[in-house]
Amino acid sequence: MQPLLNYDLHCHSTASDGLLAPAELVRRALANGVDVLALTDHDEISGLTEARDQAAALGLRFVDGVEVSVSWGGTTIHVLGLNIDPGNAQLQQGLHGIREGRRERAKKMAEDLERAGIPGSLEGAYAYVDNPNLIGRTHFARFLVEKRYVSDVKSAFQHYLVSGKPGYVPHQWATLEDGLAYIKAGSGVAVVAHPGRYKLTRTEMRKFLGEFKDGGGTGIEVVTSSHTAEQFLEYAILAGEFGFLASRGSDFHGPGESRVDLGRLPSLSADLKPVWHDW
Ligand code: AMP
Ligand code: MN
Ligand code: MN
Ligand code: MN
């Protein structure tokens, strides 16, 4: 029997909206008992080299990853690409295109917040951005906390930045087809991130999973920090039904901001086929 390894295949560094530099994240993962770590920044792979080098130096197994933003029928869906080749030009160009859209969205978000009586949010959000090519809602959320419009990042998302609230700007990400094509070009495994977070009916979720599978997607995140225990079960059942490989990832963004730390999640149930089965 192989010993049960601690896989954490979803987290964020300062290359996107995480609080720790890639190397710091790797050190924290090791300290937390993680055996295999994937860094999956939003639409960005520039943190992978630093993380991979640090992991190699410390003897931690590292997996190159990314979290791709796609739009599916008006809903934003995140698709993880695991075990990608970061050197692939089509993957790089596709992610570049998605990041360009973020810059424009950020300007509009700031204009909307300004109309709601909150000035200076574009500069304010950029002050929290480490990678000038990747601005996201989390950076605006940190600015809103700093200026005391809200007490923490979670409430920033409750009162602003989400549909129907000031600072929300609907956005067209990559199509599902394109997002899957980028991951496939980079020889990665495509995994639906935190399926429990999408506002989809059961019927819509099944329709999405069917299209995801037809488009070449093979995995689904079952154990992740935003899922309840009931959702672990719900998505384990859907994984079985659709024949998806199951994944486990904390979606850690930083100490103090994320409820679940690196590697600190329940194990995948033994009857699931894990995404790492043939790694
Ligand atoms: P973006 O890709 O820029 O639209 O931002 C998405 C990110 O915002 C997610 O990856 C989370 O880091 C963060 N986020 C979204 N909703 C929430 C929430 N309710 N509470 C905390 N963070 C959130
Ligand atoms: Mn994020
Ligand atoms: Mn996500
Ligand atoms: Mn994530």
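In this predicted model, the lining of the largest pocket comprises 11 nonpolar, 20 polar and 12 charged residues, where Ala, Val, Leu, Ile, Met, Phe, Trp, Tyr, Cys and Pro count as nonpolar, Asp, Glu, Lys and Arg as charged, and the others, Gly among them, as polar. A pocket is here an open set of points on a 1 Å grid over the protein atoms alone, where a 1.4 Å probe fits and protein lies on both sides within 12 Å along at least five of seven lines, and lining residues have an atom within 4 Å of a point. Local features need pLDDT of at least 70 and side-chain atom pairs pLDDT 80 or more, whereas totals for linings use all residues. Side-chain values rest on heavy atoms, without hydrogens and water, and residues are numbered from 1 along each chain.

The largest pocket holds about 1,700 Å³ of space, a volume being the space filled by probe spheres set on the grid points, which are joined across faces, edges and corners. Of its 43 lining residues, His78, Arg137, Phe157, Val162 and Arg197 are the closest to the centre. Two or more lining residues come from each of strand E3 (61-72), strand E4 (75-82), helix H3 (89-115), helix H5 (137-146) and helix H6 (153-159), and H6 gives the largest share, four residues; helices (H or I, at least four residues) and strands (E, at least two) are DSSP runs numbered from the N terminus.

The largest pocket is the space taken by ligand 1, the criterion being that more than half of the atoms of a molecule lie within 2 Å of the grid points. The elements that give two or more residues to the shell around the ligand are H3 and H5. Ligand 1 is surrounded by Asp17, His42, Arg102, Arg105, Gly136, Arg137, Thr138, Phe157, Arg197 and His253, each with a heavy atom within 4 Å.

Methods: Chains lettered and ligands numbered in written order.
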